[in-house]
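Visitor: I am new to this structure, and I would like to learn how its features are read. Could you take me through them slowly?

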Amino acid sequence: MANHRKLIDFIRGYEGGLSKALTDNARKDPVPDGSGYHTNQGITWATFRYMAKACGYTATPALFYQMPLDIWTKIYKAGFWDGIKGDLISVQGIADYLVDFAWASGPVTAGKYLRLALLDLGFAKVDPVPARVITPDLVRNYINKANPAALLAALDKRRRAFVEAIPGTVNDKGWFRRITDLYQGATKNLAALPLPA
């Protein structure tokens, strides 16, 4: 099975520190201390607050500013890797691509575009649960049965189209550089891995 730790360095390498960028939608829900900061190491204040109970910490501004690696990793695992059902995916490169998509745009959006990619590959029927939820059945019956290189290419095409369609996209050169780097890394990890019994 895929390993959630494999992409941590990649994601952290593309994330900065504290941000109060006015071009980011996260600015609408900043840390409630008047500082204007809304994101730290790629984690928004809203996500940090939402994930607190599940990850076993108290969401305080001071802890958000510190963003210890163990808390960052818990949020990444519980909120994003588990959101794509990464532990069930048989190909590391596919799991890596999906979790970065989820990290950047949310697991719901990643799920939506995953389904579109599967339809592009000719899967006529994708499980009939809400179209944006990645379920264990979706992983077992579609992701793990698809040709990994074809699925990765279809996901990449759909993600690039999604980013291009965002009105007023800022830093799109940086986003496309990240996506290209991710795609190149993922193509090196397309061998099937053993799944748990």
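Visitor: What share of the 197 residues in the protein is buried?

Guide: Buried means under 20% relative accessible area, exposed over 50% and partly exposed in between, with a 1.4 Å probe and protein chains only; here buried residues make up 40% of the 197 residues. This is a predicted model, in which local features need pLDDT of at least 70 and side-chain atom pairs count only at pLDDT 80 or more, while totals for chains, interfaces and linings use all residues. Residues are numbered from 1 along each chain as its sequence is written, and side-chain values use heavy atoms, with hydrogens and water left out.

Visitor: How many helices and strands does the protein have?

Guide: Helices (H or I, at least four residues) and strands (E, at least two) are DSSP runs numbered from the N terminus, and the protein has nine helices and three strands. Along the sequence their pattern reads α-β-β-β-α-α-α-α-α-α-α-α.

Visitor: At what angle do helix 8 and helix 9 pack?

Guide: Axes are lines fitted to C-alpha atoms, for helices over the stretch in contact, and angles run from 0 to 180 degrees between N-to-C directions. Helix 8 (residues 148–165) and helix 9 (residues 172–187) pack at about 175°, with axes 11 Å apart. Angles under 35 degrees count as roughly parallel, over 145 as roughly antiparallel, 65 to 115 as roughly perpendicular and the rest as oblique, and helix 8 is therefore roughly antiparallel to helix 9. Contact means heavy atoms within 4.5 Å, and the residues making this one include L152, A153 and D156 of helix 8 and W175, F176 and I179 of helix 9.

Visitor: How do the axes of helix 2 and helix 4 cross?

Guide: The axes of helix 2 (residues 45–55) and helix 4 (residues 69–81) come within 10 Å and cross at roughly 90°, so these two helices are roughly perpendicular to each other. On the side of helix 2, T47, F48, M51 and C55 meet I71, K74, I75, A78, G79 and F80 in helix 4.

Visitor: Is V126 buried or exposed?

Guide: V126, found in the loop between helix 6 (107–120) and helix 7 (136–141), is buried, with a relative accessible area of 17%. Leaving aside neighbours within four places in sequence, V126 is in contact with R115, L118, L119, L138 and Y142. Of these, R115 is 11 residues away from V126 in sequence and 7.1 Å away in space, C-alpha to C-alpha.
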